[in-house]
Amino acid sequence: MLSIHNLHASYGKVEVLHGISLEVPQGRLVTLIGSNGAGKTTTMRAVSGMIRPRAGTVTLGGRDITGLDAHRIARAGLAHSPEGRRVFATMSVTDNLLLGAFPRLTGKRARGDVAHDLERALELFPRLKERREQLAGTLSGGEQQMLAMARAVMLNPDVVLLDEPSMGLAPILVDEVFRIIARLKADGVTMLLVEQFAQAALEVADYGYVLENGRIAVHGPAHQLKTDPKVVAAYLGGSHAH
Ligand code: ATP
């Protein structure tokens, strides 16, 4: 389980997160929604060690991971699939996936069977399976996004952070990404999902938090948020509204 308590984060002197608290219980899918610039990506970065929080605590399975370096946080069992397509362009799909498992080889956690997990990841992402020998830089944007997700899963993590996995994808690939998220959830993977498609995120999630200007404005079971008049007005106006 991931717990975030009173998290503050800044860029230089500008504070972006003003004390947010949220919980992602074991085996649950929790979504964080909100307008552009609300601080969703900053939350993910502060949790995974890409930036250092200014105050507050982050615990993973009861262990305090606040402010640790990103590689230590990965070794502790937290995987981050970042916004954008951060893959290793000059390496093959398979090698990108194997790199995702690398922190397992150096940490205290069980290594498990990396070869087996590679096959499982490729089954989950058939587009990647077809292209396993291809250089990642030659994949389409959507395929690179999937590779970033699959690489996060290769850590065999306790918690996965998924930052806008659908960003910039064609509608057919957006549907595929949400199907994969539902499959991961059915497999018991614990996830925190940031999504621009608030409606779709609330369909698949158990619980949701709405972030406004660096503060949690509302939270509750996803099915309740979907019908909350304020949430509907602000974020669910159109079928795929922010
Ligand atoms: P989006 O959906 O647009 O990515 P978001 O909710 O993820 O929105 P963040 O990316 O967390 O929002 O940004 C929150 C605020 O922090 C914004 O005002 C943004 O301009 C600012 N910000 C983000 N990254 C940086 C950075 N590297 N340096 C300075 N300011 C930043």
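**Entry 1: Glu164**

I started at Glu164, which turns out to be buried, with a relative accessible area of 7%. I kept in mind that I am reading a predicted model.

**Entry 2: Asn156**

Next I went to Asn156, another non-glycine residue with a positive phi, here about 55 degrees. Asn156 sits in the loop between α7 and β7, and β7 covers 159-163. Is Asn156 buried, partly exposed or exposed? I read a relative accessible area of 36%, so Asn156 counts as partly exposed. For my own reference, buried means under 20% and exposed means over 50%.

**Entry 3: Arg151**

Then I turned to helix α7 itself, residues 141-153, where I located Arg151. What is the nearest side chain of opposite charge to Arg151, and how far away is it? I found Asp95, at 12 Å. Arg151 is buried, yet it has no salt bridge.

Which residues does Arg151 touch, then? I set aside its neighbours within four places in sequence and listed Arg86, Val87, Phe88, Asn96, Leu97 and Gly100 as its contacts.

**Entry 4: the chain as a whole**

I stepped back and looked up the overall architecture, which has 11 helices and 10 strands. The radius of gyration is 17 Å, close to the 18 Å that the globule rule gives for 242 residues, so the chain is as compact as a globular protein of that length. I also noted that the C-alpha trace spans about 45 × 40 × 35 Å along its principal axes.

How much of the chain is buried? Buried residues make up 51% of the 242 residues. I looked at contacts too: among those between residues at least 6 apart in sequence, 64% join residues at least 24 apart.

**Entry 5: surface and charge**

I recorded 27 positive and 24 negative charges, whose mean positions are 5 Å apart.

How values were computed:
Residues are numbered from 1 along each chain as its sequence is written. This is a predicted model: local features need pLDDT of at least 70, side-chain atom pairs count only at pLDDT 80 or more; totals for chains, interfaces and linings use all residues. Side-chain values use heavy atoms; hydrogens and water are left out. Helices (H or I, at least four residues) and strands (E, at least two) are DSSP runs, numbered from the N terminus. Buried means under 20% relative accessible area, exposed over 50%, partly exposed in between (1.4 Å probe, protein chains only). Lys and Arg count as positive and Asp and Glu as negative; His and the chain ends are not counted. A salt bridge is a side-chain nitrogen of Lys or Arg within 4 Å of a carboxyl oxygen of Asp or Glu. Contact means heavy atoms within 4.5 Å. The radius of gyration is taken over C-alpha atoms; the globule rule is 2.2 Å times the number of residues to the power 0.38. The place of a charge is taken as NZ of Lys, CZ of Arg, CG of Asp or CD of Glu.
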